[in-house]
Amino acid sequence: MTTLVPPPASVREDGARHPAAPPDGTLAARARRLFTGAPEDPRWARPALWAVLVLATALYGWNLTSVTGNSFYNAAVYSGTRSWKAFFFGALDAGSFITVDKPPFALWVMGLSARLFGYGTWQLALPMVGAGVGSVALLYRMVKRDFGAVAGTIAALALTLTPITVAINRDTNPDPVLVLLMLLGAAALTKAVRTGKPLPLMWSGVAIGFAFNTKMMQAYVVLPAFFLVYLWAARVPLGRRIRNLAVGTVALVASSAWWMVVVDLIPASSRPYIGGSTDNTVWDLVIGYNGFGRIFGASSSVGSQGNGASFGGEAGPYRMFNEIMGGQISWLIPFAVVALTGGLVLRGRAPRTDARRAALLLWGGWFVLHYLTFALAEGTFHPYYVTAMAPGIAALTGIGAVTLYRAFREGSAAQWGWVLPAAVAASTVWAVVLLQRVSGSGAWYTVAEVVAGVAGAAAVIGLLVGRFTKRQRLIGVASLAAIVALLAGPAAYAVPAAAAGTNGTNPTAGPSTGGGVGGGERPGGSAPTGDGQRTGRPPSNAGGSSSGTGAGTGAGTESGSTTEAGSGTGSRSDDASPDGGTGGGGQVSSEMITYLKKNQDGATWLVAVATDQTAASVILESGEPVISMGGWSGTDEAMTLAKLKSLVKAGKLHYLVISDSGQGSSNTEIATWVEENGTAVSDYSGLYRLDASDVD
């Protein structure tokens, strides 16, 4: 009797041999696949993925202790480490007087990191780095499943090097968490399409719901593409597709609305004021400032309004290509458009359930929906918003590289012999244009321009010559040159963004290219900030373990410096004005903070000031709760005279800074009452002391 012995080696599809793996279900087999990939993968695939992930980690995580982040969100995270109530509501201050103007999920993520590792700059930025690297890995997995390891690797590398993605992943704004959650939703959706089962669709809805609780309506931009892809391509009959979508929608609504419903059901007297709202409800924030206000700007008549300030140039179909936005996101858009069009044509006669066409519809929809939303939005718009569009562009780039290459080699010369060279030429020319715009910013960008131009020309010529002379090796070399041409420009912007600190309010990559409101970024991605803008580093008594911790001293915040306590410019947390967003007459100096702490006398809040910007700065320098009476712009009706009297009478607040540029009737009423009944502190302009005896 002959015993069949498993062979000592197996053969891959590419002909390479590798040692026999342990049985698939063992821990050893899983560990082996983690580092070497599946048996059917090319030998180079998993090492290439790890190389891309290491590059992403280096770009996003280099010298994190030098990253200051967004002081507004940093203050809210710090407050959340002092109070679980502030943590749940996303309050700016540990006393839970007012919330930030976003839902709190990203703050929770950073807050848990700060509670685990101690409060400090790298502790807050670390989850954002993790989210960015996780997004790269997840995009690779999704693209590879349908188009192979080459497509997945190119897509992952394109996302890694997207300049604005590098800048925002080194920050403490919520966008990296938003992108990861949207990608998790997309991954669950594609599984639902393949299997036809409702459970993955429900998980997709849950992921997008958590994305909603990260940045509200921006999370829903991808939903039309999600619904279309499932309704068209899922491998079940139409009736079941509709029923499954209904179930997934229920999961989406529940995951999105639970925090909003809980908060709005709690009596207003028992929770913070909802910052950014006009009526102290989360619902108003959803449909107003973080909803229609973003799209229609100041013309919106629903809820609180966006002020229409554009940090990314004038709204219009060409916004993504202007001098501000072009270098942040547009490098690969020409190639992505050709890839999407060509890919759909090539899959035109495929079955309804074709997985590759479904992927093209998903990533094409992701790209187009974000492009239209960001290009045409007349509300407040920052360059870093478009990091949400980057996965769509990167996926189409990877897919297009493989799809158009195959069509180029295997299709007829008349139909497809020119498409790949044309796509490479278009993106190369655009890269040269973008780099010429900043040619005076340093030799680095000039070198990148030369590399992109030479590599692009070599790629186009090599592809055409190789195609018509049937020299396959030349085509292969030209394809590598094409990848260099496509990625040289993004890399030129991405590397300096990783090497330099970024401005937390409006992070960008690359050199200054001018701008609209709040434009004019400094080389290395730092936008101008006011001399009184504190950096967002942890307060001196925060107890963080980071070597970069210490007092909140930033540009111009050493002893004697000031933070203006006025009403700002009418924009909110991610809408800072060019001077740091703090206008007005009253000032909070470091000496004043020392005085306030010495004379706090057991009050819950150190002081009440006009705006969030001032409150955040004082919180980070003092480590004490501070009241923002008017929210980000100074127009929120968070503080009323009756509420102020109640706090003073209870001994919870003793000091208030009066600004001569406060907005709103309640501010004027409060200022008049304080000036008439409080005691002016002569050493500090605008500061008043209030005691219970001052209340009627």
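A salt bridge is a side-chain nitrogen of Lys or Arg within 4 Å of a carboxyl oxygen of Asp or Glu. The close-ups below come from a predicted model, in which local features need pLDDT of at least 70 and side-chain atom pairs count only at pLDDT 80 or more, while totals for chains, interfaces and linings use all residues. Residues are numbered from 1 along each chain as its sequence is written, and side-chain values use heavy atoms, with hydrogens and water left out.

**View 1. A network of salt bridges joins Asp-601, Arg-689 and Asp-691.** Arg-689 has a relative accessible area of 16%, so it counts as buried (buried means under 20% relative accessible area, exposed over 50%, partly exposed in between, with a 1.4 Å probe and protein chains only).

**View 2. Lys-215 and Asp-175 form a salt bridge.** Their closest N and O atoms are 2.7 Å apart. The pair links distant parts of the chain, with Lys-215 in helix 10 (residues 198-215) and Asp-175 in helix 9 (residues 175-195), 40 residues apart. Both partners are buried. If you are keeping score, a search of the whole structure finds six salt bridges.

**View 3. Lys-102 pairs with Asp-101 in a salt bridge.** Look for Lys-102 in the loop between helix 4 (84-89) and helix 5 (105-117). The closest N and O atoms of the pair are 3.5 Å apart. Their side chains also make a polar contact at 3.5 Å (a pair of N or O atoms within 3.5 Å; within protein, one must be able to donate a hydrogen and the other to accept it, and residues adjacent in sequence count only if both atoms are side-chain atoms). Lys-102 counts as buried because its relative accessibility is 4%, and Asp-101 is buried too.

**View 4. Leu-245 lies in helix 12 (residues 238-265).** With 11% relative accessibility, Leu-245 counts as buried. Leaving aside neighbours within four places in sequence, Leu-245 is in contact (heavy atoms within 4.5 Å) with Leu-201, Phe-227, Tyr-230 and Leu-231. Pro-198 is 47 residues from Leu-245 in sequence, and 7.8 Å separates the two in space, C-alpha to C-alpha.

Methods
Helices (H or I, at least four residues) and strands (E, at least two) are DSSP runs, numbered from the N terminus.
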